[in-house]
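Biologist: I am new to this structure and would be grateful for a close look at a single part of it. Please describe the salt bridges and the places in the chain that they connect.

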Amino acid sequence: MTLPLFLLPNMAYAADVATRLDAIDGRVVCEEDYVSTWLTTTKNQWQMLGGSAFTVLQTLNKSEETLFGCDGLIALHDPSLDLYKLMLFEAKVLKPIGMDRAQSKATPRAIWSYNTPPPPAHSHFADQLGRQHWWKTVANELSIIEFFIDLRPPAPPFTAANGFLEYGSTCVLHELARNLVTPSGYPNPPYTVASPTIAENGIWTENTVIPLPEKASIRSALWNLSKCKFGKPMHHPDGLKGILIDLMQRQHPDPRGNQGINPTGENLRLTGQLPDILQAAGIRFFAQFSGQSPPSWLHAIDG
């Protein structure tokens, strides 16, 4: 059965809200658990209505840098047109710390800024934003979001604290997060995995996340993806595997050989199964949902 893709954003949001409530109650214990539970719940809902969907959830070596600067990928697929829309996301968990004695406020704990060195070095998340920025310059077909998981309860005194959404996760377009950290300091292509260059003001601190503009829900992010507000439909004779290989081959080789990517595609991992290709890109969380696309997909191609 072919479901219309406009149904997906509401399903994903409902699953996100339920997963966050479970996390606050202690039944979801970490970032990996949260994203896996959310994607699996959304997939199950889609399949229960008769739609086609599948996930690839895998544990990767944390010592390997991710090619895209993101750990998750959602693919929307129209089988009749054989077109794909791709949204990359980087998940980050926020936990309540620094609460005063009256429990009236809390400062989000940005655990991704661990071991942040003084300028001109950069934090881990600043490096990820740099990688994402490179992909936006060479692959405007992609949509990229920062996926903040706020584990504070959606009830007083934490309701909508610091501008985060009351329910579910809080999503921010990559461009907005990048511009807040450093408007113009990221390198122009080619941005290589081997030698990241981040501006001196590229440090991402615990409080940097609070004033991020235009925070939205995953429902809004997926709605904009499905309606082609962000990103463009993609096609390849070899389907999704071909699209991912083509994207990865836009990256220059890593001299250290961590990724093993080169423009000629001479890498057995890239010609293997989808999990192998995702692993080469550093993607831990993947979900594909197939359904009927809106007319905007064809308009985007024609335009």
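**A salt-bridge network**

Modeller: Arg-284 and Glu-32 form a salt bridge, with their closest N and O atoms 2.8 Å apart. Arg-284 belongs to the loop between α7 and β7 and Glu-32 to helix α2, so this pair ties together parts that lie 252 residues apart in sequence. A salt bridge here is a side-chain nitrogen of Lys or Arg within 4 Å of a carboxyl oxygen of Asp or Glu. Helices (H or I, at least four residues) and strands (E, at least two) are DSSP runs, numbered from the N terminus.

The model is predicted: local features need pLDDT of at least 70 and side-chain atom pairs count only at pLDDT 80 or more, whereas totals for chains, interfaces and linings use all residues. Residues are numbered from 1 along each chain as its sequence is written, and side-chain values use heavy atoms, leaving out hydrogens and water.

Arg-284 also meets Glu-31 in a salt bridge, at 2.9 Å from N to O. This second pair again links distant parts of the chain, 253 residues apart: Glu-31 is in helix α2 (residues 31–48), and Arg-284 is in the loop between α7 (274–281) and β7 (285–290).

Burial is judged by relative accessible area (buried under 20%, exposed over 50%, partly exposed in between; 1.4 Å probe, protein chains only). Arg-284, at 14%, is buried, and Glu-31 is buried at 15%, while Glu-32 is partly exposed at 29%. Through shared partners, salt bridges join Glu-31, Glu-32, Asp-71 and Arg-284 into one network.

Six salt bridges are counted by this rule. Among them is the pair of Arg-27 and Asp-25, at 3.3 Å from N to O; Arg-27 and Asp-25 are both exposed.
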